[in-house]
Amino acid sequence: MDDSNSVQQEKILDLKSLLKASTHTTILTGAGMSTESGIPDFRSRSGWWKNIDPLTVATVDALEHNYALFHDFYKMRLITLETTAPHEGHYTLSKWEEKNLINDIATQNVDGLHRTAGSNKIHELHGSIETFRCHTCHSRATKAQFLDKKACHQCNGKLRPNVVLFGETLPQAAWNKALLSIEKADLVIVIGTSLQVYPVNQLPFMTKGHTVLINKELSSTHHFELAIEGGAKQVLTRIDNVL
Ligand code: NAD
């Protein structure tokens, strides 16, 4: 359940003040940022594909030992993405970047929706589902080659999207830029993530600035200065309306 209307409004006004006073604001988003665009997150069971926990498929182990399942899963995600568009919340963040209200978006999402909405300073901590490579020799591949289940033209290896699978390390450049931004920030706004995935779940607490969480469900284990319970689209739109 969301915060009641009046409680949410009070918190929204608090966040507005923080946002206006801040000279460097970093946004950190997770799968909950995109659920209202129709892309399921990983932890809400309603979003599970074929009743399979995605956390067991988006893995190096599945890629190497159960490629048919891995391929079906990413094919489904790519096909879903073809008919998916950013929502008002994504557009609000892009507008805030243009108005210099926010500086960077660090995201765990691989869907590219922040980019489609027009944001420019995006650090994709878990890679992108829009580009492809060979798992073995890293040669570039195309979406069509992946969807057609082709093997790598260089080494016959397995093709895959450029996402970070569970069990892999994060892209160094994206991580460094996100960390730098968070260290500089006097405000970090975290949106739609369960913060269960390491090391990204450490990032919000590496700032000396204020920390705010916007999430559909609030967990008592997270220590944010301000926590707003509600959907990303609705909360971001409400903040924008009072700015
Ligand atoms: P998660 O599934 O673990 O958690 C999502 C969180 O968002 C939950 O706490 C949920 O309550 C909340 N949420 C759901 N809908 C919301 C909404 N409308 N507004 C606000 N909050 C909402 O996701 P995670 O923490 O990002 O970690 C999962 C991993 O899966 C990440 O590594 C990510 O790369 C990947 N993933 C990406 C996408 C995508 O690119 N869109 C989708 C699913 C998973």
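Visitor: By class, how many nonpolar, polar and charged residues are in the lining of the largest cavity?
Guide: Happy to start there: this is a predicted model, in which local features need pLDDT of at least 70, side-chain atom pairs count only at pLDDT 80 or more, and totals for chains, interfaces and linings use all residues. Residues are numbered from 1 along each chain as its sequence is written, and side-chain values use heavy atoms, with hydrogens and water left out. Ala, Val, Leu, Ile, Met, Phe, Trp, Tyr, Cys and Pro count as nonpolar, Asp, Glu, Lys and Arg as charged, and the others, Gly among them, as polar. On that basis the lining has 10 nonpolar, two polar and three charged residues.

Visitor: What volume does the largest cavity have?
Guide: On a 1 Å grid over the protein atoms alone, a cavity is a set of points where a 1.4 Å probe fits but cannot get out, a pocket is an open set with protein on both sides within 12 Å along at least five of seven lines, and lining residues have an atom within 4 Å of a point. Grid points are joined across faces, edges and corners, and the volume is the space filled by probe spheres set on the points. Two cavities of 30 Å³ or more turn up, and the largest has a volume of about 170 Å³.

Visitor: Which helix gives the most to the lining of the largest cavity?
Guide: The lining counts 15 residues, with I39, P40, F42, M76 and R77 lying nearest the centre. Helices (H or I, at least four residues) and strands (E, at least two) are DSSP runs, numbered from the N terminus. Five lining residues come from residues 67-82, and that helix is α3.

Visitor: Which element supplies the largest share of the lining of the second largest cavity?
Guide: The second largest cavity holds about 40 Å³ of space, and its lining includes T107, L113, H114 and E124. Two elements give two or more residues to this lining, α5 (113-116) and β3 (122-124). The largest share is three residues, and the source is α5.

Visitor: Which element gives the largest share of the lining of the largest pocket?
Guide: About 1,100 Å³ of space lies in this pocket, which is lined by 50 residues, with A31, G32, D41, F42 and R43 nearest its centre. The elements giving two or more residues to the lining are α3 and β8. The largest share, three residues, comes from β8.

Visitor: How many places in sequence separate the parts that the pair of F42 and F73 ties together?
Guide: Rings of Phe, Tyr and Trp (its six-membered ring) pair if their centres lie within 6.5 Å, with planes under 30 degrees apart counted as stacked, over 60 as edge-to-face and the rest as tilted. The count comes to seven aromatic pairs, and F42 and F73 form a tilted one, 6.3 Å centre to centre with 50° between the planes. F42 lies in the loop between β1 (25-29) and α2, while F73 lies in helix α3, so the parts tied together are apart in sequence by 31 residues.

Visitor: Is F73 buried or exposed?
Guide: Buried means under 20% relative accessible area, exposed over 50%, and partly exposed in between (1.4 Å probe, protein chains only). Contact means heavy atoms within 4.5 Å, and, leaving aside neighbours within four places in sequence, F73 is in contact with F42, W49, P54, V57 and A58. The relative accessible area of F73 is 2%, so F73 is buried.

Visitor: And T136, is that residue buried or exposed?
Guide: T136 sits in the loop between β4 and β5 (140-141). Leaving aside neighbours within four places in sequence, T136 is in contact with C155, G157 and K158, and the C-alpha atoms of T136 and C155 are separated by 7.7 Å. With a relative accessible area of 56%, T136 is exposed.
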